[in-house]
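Student: I am new to this structure and would like to go through it step by step. Could we look at it together?

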Amino acid sequence: MAALLDRAPTGSPSARLVPGTRAAGVLTTGELLQAVHLYGQRVGTRAVVVGAEPVGYAALSALRRAGVTVAALTTEEPRHQLGLAWAAAARLGHGVPVLTGATVVELLGGGRVSGVRLRHRDGRLTTVDCDTVVFTGDFVPDHELARRGGVALDPGTRGPAVDGAFRTGAEGVFAVGNVLHAVEPALWAAREGALAADAVRGFLDGSGPAAGGPAIEVAAPLRWVAPNRAVPQVPVEGFVLRTSEALTRPVLVVTQDGRRLHRQYVPRRALPHRTLRLTGHWTGKVDAAGGPVRITVGGLGDGFFGAAAK
């Protein structure tokens, strides 16, 4: 159990407007993992997992451990985000079909869910019989406390806006982990906590850098970046980004007021809902009095011909 939970993403699932009643048998990933691994509860006999992302495979593993047959993993995206190895393991190792381009349009059943109705990309409607539905993926940060406390949220992450020291806009308030951004491994959240500890100590003894600095923005197809404020005096170990569409070996270009600060080649395919990381050593080049820092997706024609970040 510990190994699985250590690798499990953190955050809360986004609310999804799916017609039907909230019948028994409808679970989030967190509810499923607690029921199976912490309490040993019976969760059903036949399930559909909504969301074909890495955490969806964690849900598949938990269901199989509980003796539940998994009828399908579904996603409305045009392709899954499991990665080739996990997708092959789901299809071949576990005999579970991965249905892409399939949107859940209705939950069937009264007292307990009896099936899901799917609309496929060609308009067909099909029904999958099941007594358990697990909604996974499309996570949002656990920002309730920050929002109620008046801490400014970043419109992209929907978590608190922070600089490289994990300082929010409220003096003395820091944010890391699943309150800051969702769908990151627990070990990454713990690492952010360790880094933030130094910033907290600097705040308490007055040795920390001044707050402020320009915002960091992203351009489509990128969805968001965290941290999302640049302070030249604050070194950043790295940034976490998300993309809304698949990108084949993209080049990330960082600029401020038309001046290029950094470009980085990503030697793999970037997928929606999957972590994309950007090194942070360029923050020392930021003009604290300048305009917003922008991160865009370029190409190899941008004068970049090497695999190493410049």
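Student: Which residues of helix 3 are buried?

Tutor: The model is predicted, so local features need pLDDT of at least 70, side-chain atom pairs count only at pLDDT 80 or more, and totals for chains, interfaces and linings use all residues. Residues are numbered from 1 along each chain as its sequence is written, and side-chain values use heavy atoms, with hydrogens and water left out. Helices (H or I, at least four residues) and strands (E, at least two) are DSSP runs numbered from the N terminus, and buried means under 20% relative accessible area, exposed over 50%, partly exposed in between (1.4 Å probe, protein chains only). By that cut-off the buried residues of helix 3 are Val 55, Gly 56, Tyr 57, Ala 58, Ala 59, Leu 60, Ala 62 and Leu 63.

Student: In what order do the five strands of the open sheet stand?

Tutor: Two strands pair if DSSP finds at least two bridges between them, and five bridges join strand 4 (residues 46-50) to strand 5 (residues 69-74). Strand 3 (26-28) and strand 6 (98-99) each have a single partner strand, so they stand at the edges. The pairing is parallel, and the order is 3-10-4-5-6.
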